[in-house]
Amino acid sequence: MLFNSLEFAIFLPIVFFLFWALSKKGVTAQNVLLLGASYFFYGWWDWRFLSLIFFSSLIDYFVGLKMAKTDEPTARKHLLWISLGVNLGFLAFFKYFNFFMDSFTEAFTFFGASIPANRLNIILPVGISFYTFQTLSYSIDIYYKRLQPTRNLLAFMAFVSFFPQLVAGPIERATNLLPQFFRERKFNYENASQGLKMMLWGFFMKVAVADRLAIYVDDVFQSPETHSWLTLSVTTVFFAFQIYGDFAGYSLIAIGCAKLFDFELMTNFRRPYFATSFKSFWGRWHISLSTWFKDYVYIPLGGSRVSTQRSSFNLMATFIISGFWHGANWTFIVWGALHGFYQILEKYLVKGNVPKYLMMVIVFALTCLAWVFFRAPSVTDAFVVISRILTGAGSGLYFGDKGIFLFGLIALLILFVNDYITEYKPDLQLIYHPQVVVRFSAILLILMYITALGVFDRSQFIYFQF
Amino acid sequence: MKKLLIKIGIVCVAFVVLDLVVGSFLLNLLEKSPDGRYYKTRYSLEEAQEDIVILGSSRAEGNYSPAVMEESLGMEVWNAGRGGQGLPFWAAMNSGILARYTPDVVIINVENDFLKESVDDQSFERAAGILRPFYNRHNAVKNFVDMVSDKEKLLLKSNLYAFNSSFYYMLRPYLFEGIDGRVEDKGWKPLKGSLAGKDIPERVINEDDQEVLDPEAIMMFENLVSELQDKGSKVVLTLSPDYNKKVVTTPTLEYLKSVEGVYVLDFSNDEYFTKNPEFYTDPIHLNKEGAMEYSRKLAQELKPILNGSKTKKNLAVWNEIR
């Protein structure tokens, strides 16, 4: 089920009222409801893949319990391998099998040999990269004794499948989210109101910004070789805001939705394009994933407390894996490698000697450059875009449908101004303004903007494919 | 909880009121639109009484001058063509027009591959983008927009949503008179520019794979034609010329040979047009001069059809005559 669907508009109020109606029956009754609602939410897309979530949850639940019962390092390690094997095995099969087969075939072709391509017709289960990482963190935390396993299977399964963040995050840690399935929930007006406002702004980011910009971006990316450097530059900037609006919008809806049930999810985006360094960018972009990779890949590899070369290797490896997590395509690997390269470069070259505003522009420009690989269907296509931009190929600016271009630009500017205010003048935020008339008017204006200028026919969220 | 529900209620009521007020304002703007695409759509659906109506995409909108045709034929002509639109829009407009009156002749400017393109969600959405403001006024439009998605019925309860994304093209004629076509041009949008001096290599189209035709497009086209025939309108399919392009055959043309009861006027290999760069603004659109010349020639070809001296022919027979 999609957040921006009619089904969800019916589903959410029903679950909301049932949830609070059950508050007197206790936490367990509410957890049963949340589990049922979450499985229904996911099963609406394809009920067959519920078995994957169910199996993954069971494995990690029992692995966690077993691990806590033994101090024997080898046994604990074997148990961890079971969890890693099952979760990463699912990912490898559903997400990466065809990529590996294609790369294998291409490698043989490159060396002059020819082997038949054995692709499988596999559907990628929505959100598999998110919930497998969430359950993996549970097992790893127990392995490192940072967390005690839960005996409550219901709460654990509800934690793994919690519908607001099931399909596209934020990727929650058990240490933060799991205890919330045990505590008593209290309805709080301020919390619910804030949740609804976050959802409203999230919808704005998705349907008014991301989906509007996507129409122009998709149009240009259909044949980038025919467009000028200026058009491709504008398209790249548009895509930077499209993916931000799409993913940060989804995260906001998820966080706001969880708030309606008195759950606190972690912040996933903090105005990333105001970052003045790449380190800071990754502290603002997809925070739940970047901290996951930091905690479970970068630090176990040795982090920065090793030699300079080793530390650089750790950074590069972490970002390449992160790129690969995003998708089974070389474009994502190059995107990850570029960000690894940026971080290494920054670490050794930039010593506070560049003005902050200049750094902000540099970080944004280089991030946009990397986004070209993220958006292009192949590395070759990405190079076409970049070479045309860098060589100043062609002339003029293609507008496509001028209405779409204009309203895409307006939506982008509204998002930018809002982010600027939130970053530098938080007291001026209109939907959180102390004066009720201002708050009320802002909410109405956003609702009207979404109705009048939102795109309602491009329903898929980009990050669902990861 | 009560406080939250009350506040949600207040926001909802305020939204409904604003939706009504702003929606009415926009409707007023639409009705008073001096020219442009919304004026044209409204006129087509609500006022047109012309004897001849032209349907099609940008090539219909730019290639057919009603004034030139009227002068030659002595009949009233209205160009209802719309750039960027395909079969779904033509079908909806056609149903909307026929619900009110029956033109003597409907000319549909088709492309030699128009039944190859699938009638996908995007072509429906593009058409709905123009038609939504007319949702509550015309059953034909309503039936069509409801087909776009199951959400439309509910979303169109909002007056504001009916104008979703249409503001730019609705407001533009108020700021720049005639930018989307002048009222006196009767739906024609003449184009400027010329291909003179530009080197455009010849293209030869020769495809014969019938399998590639889209069944949904065929069905929609057949419904459109039979709807017109049932009402008693003569149906003329026209193929405009492209610069330096020769069309041997295509699956669409092969299919059209089997369509009974329509007249087909095929100019795609008329070298008077296809070899004259002065007539084109780009390889597929005639400029003002080219469109006027084309309209003159088309009118000559239409005369025997209008006076009944030419019996209904399918494409194969028509080509033999030519």
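Two residues are in contact here when heavy atoms of one lie within 4.5 Å of heavy atoms of the other. Keep that in mind as we walk through this predicted model.

Let's start with A:Phe8. Setting aside neighbours within four places in sequence, A:Phe8 is in contact with A:Met1, A:Leu2, A:Phe3, A:Pro13, A:Phe41, A:Phe163, A:Met199 and A:Cys257.

Now step back to the nonpolar cores. In soluble globular proteins, nonpolar side chains tend to be buried together. The largest nonpolar core in this model has 212 residues. A:Phe8 is among those with the most contacts inside this core, along with A:Phe163, A:Phe261, B:Ile108 and B:Phe221. Helix α9 of chain A, residues 229-260, gives the most to the core, with 17 residues. Where does this core lie in chain A? Domain 1 (6-185) and domain 2 (190-277 + 350-453) both give residues to the core, so it lies between them. Apart from it lies another core, of 28 residues, including B:Tyr64, B:Trp188, B:Leu195 and B:Val236.

Next, look at A:Asp141, which sits in helix α5 (residues 128-143) of chain A. Is A:Asp141 buried or exposed? Its relative accessibility is 4%, and buried means under 20%, so A:Asp141 counts as buried. Not counting residues up to four places away in sequence, A:Asp141 touches A:Arg146, A:Leu147, A:Thr175 and A:Tyr296.

Finally, over in chain B, find B:Ser123 in helix α6 (residues 121-131). B:Ser123 counts as buried because its relative accessibility is 6%. Leaving aside neighbours within four places in sequence, B:Ser123 is in contact with B:Gln85, B:Pro88 and B:Ser118. B:Ser123 and B:Val148 are 25 residues apart in sequence, and their C-alpha atoms are 9.4 Å apart in space.

Key: Residues are numbered from 1 along each chain as its sequence is written. Chains are lettered from A and ligands numbered from 1 in the order in which they are written. This is a predicted model: local features need pLDDT of at least 70, side-chain atom pairs count only at pLDDT 80 or more; totals for chains, interfaces and linings use all residues. Side-chain values use heavy atoms; hydrogens and water are left out. Helices (H or I, at least four residues) and strands (E, at least two) are DSSP runs, numbered from the N terminus. Buried means under 20% relative accessible area, exposed over 50%, partly exposed in between (1.4 Å probe, protein chains only). A nonpolar core is a set of buried Ala, Val, Leu, Ile, Met, Phe, Trp, Tyr and Cys residues joined through side-chain atoms within 4.5 Å. Domain bounds come from an automatic or database domain assignment.
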